[in-house]
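Let's take a quick tour of this structure, starting with its aromatic rings and then moving on to its strands.

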Amino acid sequence: MFRKYILPIILILILAAVDQYTKYLVIQNIELNSEIPLLGDVLVLGHIQNKGAAWGSLAGKTVLLLIITVVVAILLCRLYLKIINNDKFKIVRYCFIFVLGGAIGNLIDRVRLGYVTDFIYFKIINFPLFNFADICVTVSMFTLIILFVFKYKTEELEELF
């Protein structure tokens with residue numbers, strides 16, 4: 001029971017806490033709209049307030065973003081419970097945990113502040129600033145896509161959905 005129910009909740013809370021702590025450090029130590037080079041012009045720590053979703057999309061639509069986040073979280077929890085006893089979906093379960101941890105980290109910002117604090121910037125390619133929660137969500141979603149395309153057969157995916 002612990003490994004299937006309690007541990008995932010603990011992991012989700014740890015991921016959300018790491019996200020919130022890194023954002024706290026940024027808010028306390030980096031002036032808004034400023035940058036601190038980490039690796040020259042390659043990797044920079046910055047500090048912006050993102051009032052939208054990825055790349056600032058849906059800016060100012062906080063309520064819509066909150067609704068989307070809650071709906072996705074509920075769906076992921078339902079899917080997680082559906083595959084909880086199926087070991088062939090173990091990696092999928094971990095991806096769900098990371099997506100939920102990241103989603104909750106950004107959800108906390110949106111509810112508490114009305115925006116998300118972003119701070120990691122790959123300046124050399126002018127990639128939009130992002131945060132730890134974004135990494136959790138993006139890497140997990142990319143992994144899920146790879147798994148769904150290359151690992152699982154159609155019949156197996158029907159079990160999932």
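Helices here are DSSP runs of H or I with at least four residues, numbered from the N terminus. Keep in mind that this is a predicted model.

Helix 1 covers residues 2-29, and both Y21 and Y24 sit in it, three residues apart, or about one turn of the helix. Searching the whole structure turns up five aromatic pairs. Among them is the one made by Y21 and Y24: the ring centres are 6.4 Å apart and the planes meet at 25 degrees, so this pair counts as stacked. Y24 is partly exposed, with 47% relative accessibility.

Another pair, F89 with Y152, is tilted, with 5.0 Å from centre to centre and 40 degrees between the planes. This one links distant parts of the chain, as its two residues are 63 residues apart. F89 belongs to the loop between helix 2 (62-82) and helix 3 (90-113), while Y152 belongs to the loop between helix 4 (132-151) and helix 5 (154-160). Are F89 and Y152 buried or exposed? Both are buried. Together with F148, they make up one aromatic cluster.

Now for the strands, which pair up like this:

| Strands | Sense | Bridges |
|---|---|---|
| Strand 1 (residues 35-39) and strand 2 (residues 43-50) | antiparallel | four bridges |
| Strand 2 and strand 3 (residues 116-122) | antiparallel | six bridges |

Across from L39 you'll find L43 in strand 2. The hairpin of strand 1 and strand 2 has three residues between the strands, and G40 there takes a positive phi near 60 degrees. Over in strand 3, D118 is the residue opposite I48.

Note on methods
Residues are numbered from 1 along each chain as its sequence is written. This is a predicted model: local features need pLDDT of at least 70, side-chain atom pairs count only at pLDDT 80 or more; totals for chains, interfaces and linings use all residues. Side-chain values use heavy atoms; hydrogens and water are left out. Rings of Phe, Tyr and Trp (its six-membered ring) pair if their centres lie within 6.5 Å; planes under 30 degrees apart count as stacked, over 60 as edge-to-face and the rest as tilted. Buried means under 20% relative accessible area, exposed over 50%, partly exposed in between (1.4 Å probe, protein chains only). Two strands pair if DSSP finds at least two bridges between them.
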